[in-house]
Amino acid sequence: MTFYVRTAGLRDLEAVSALLGETWHATYDGIYGAERVAEITGSWHSVDALKPRLGRLNAEFVVGDDGERIGGMAFAAAAGADGKTVVLHQLYVHPDCQGSGLGSALLAEIIESFPQAEWLRLEVEEANEPAIAFYRAKGFTKTGSTANCGAADSGIPAAIYEKPLG
């Protein structure tokens with residue numbers, strides 16, 4: 001399978017929402033339970049929740065598309081007016097597509113989309129060992145932690161990782 005990374009569009013949102021639901025269940029059911037994962041994905045990953053990201057200034061929303069399906073997605077946005085730090089809010093690859101190089105391609109596209117950035121930051125669930133191994137292999141190091149990954153009151157603890165760019 002060959003995936004091409006491109007900017008996400010309105011017609012992709014149903015597929016991206018489904019991808020996020022499937023990927024979250026595969027990754028997090030064993031950590032949070034299927035009911036909590038369904039609640040999170042229904043709130044955070046619905047088409048209505050994803051739609052405002054399309055065309056957002058100082059942000060990039062990309063998908064990996066093989067012509068038949070969306071195999072992965074990534075979303076990042078500049079943090080602050082100077083654009084020196086970019087936050088990778090999401091990078092998910094469907095379990096069937098993991099190990100194909102799609103995650104690396106999505107990450108590379110995000111980095112290329114912010115040429116002024118000096119740092120790339122992300123939050124990752126500490127029990128998600130495959131994701132942590134992926135980010136460490138890409139040069140990220142742990143710089144801290146948060147009790148509320150993704151939202152101010154999520155109650156989901158996560159590690160904060162950063163990578164210098166340039």
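Visitor: What's the lining of the largest pocket like, by class?
Guide: This is a predicted model, and in it the lining has 23 nonpolar, 13 polar and five charged residues.

Visitor: And what volume does the largest pocket have?
Guide: About 970 Å³. There are 41 residues lining the pocket, and Tyr28, Leu91, Tyr92, Asn128 and Tyr135 are the closest to its centre.

Visitor: Which elements give two or more residues to that lining?
Guide: Helix 1, strand 4 (85-93), helix 4 (102-112), strand 5 (119-124) and helix 5 (129-137).

Visitor: Okay, switching to helix packing. How do the axes of helix 1 and helix 2 cross?
Guide: They cross at roughly 145 degrees and come within 8 Å, with helix 2 covering residues 34-44. The crossing of helix 1 past helix 2 is right-handed.

Visitor: Which residues meet there?
Guide: From helix 1 you have Leu20, Gly21, Trp24, His25, Tyr28, Asp29 and Tyr32. On the helix 2 side they meet Ala34, Arg36, Val37, Ala38, Ile40, Thr41 and Trp44.

Visitor: How does that contact divide into nonpolar, polar and charged?
Guide: Nine nonpolar, three polar and two charged.

Visitor: Last one: where's serine 17?
Guide: Serine 17 sits in helix 1, which spans residues 13-32.

Visitor: What does its side chain reach?
Guide: The side chain of serine 17 reaches the backbone oxygen of histidine 45, at 2.7 Å. Leaving aside residues up to four places away in sequence, serine 17 touches His45, Ser46, Val47 and Leu50.

Notes
Residues are numbered from 1 along each chain as its sequence is written. This is a predicted model: local features need pLDDT of at least 70, side-chain atom pairs count only at pLDDT 80 or more; totals for chains, interfaces and linings use all residues. Side-chain values use heavy atoms; hydrogens and water are left out. Helices (H or I, at least four residues) and strands (E, at least two) are DSSP runs, numbered from the N terminus. A polar contact is a pair of N or O atoms within 3.5 Å; within protein, one must be able to donate a hydrogen and the other to accept it, and residues adjacent in sequence count only if both atoms are side-chain atoms. Contact means heavy atoms within 4.5 Å. On a 1 Å grid over the protein atoms alone, a cavity is a set of points where a 1.4 Å probe fits but cannot get out, and a pocket is an open set with protein on both sides within 12 Å along at least five of seven lines; lining residues have an atom within 4 Å of a point. Grid points are joined across faces, edges and corners, and a volume is the space filled by probe spheres set on the points. Ala, Val, Leu, Ile, Met, Phe, Trp, Tyr, Cys and Pro count as nonpolar, Asp, Glu, Lys and Arg as charged, and the others, Gly among them, as polar. Axes are lines fitted to C-alpha atoms, for helices over the stretch in contact, and angles run from 0 to 180 degrees between N-to-C directions. A crossing is left-handed if the near helix is turned anticlockwise from the far one by less than a right angle, and right-handed if clockwise.
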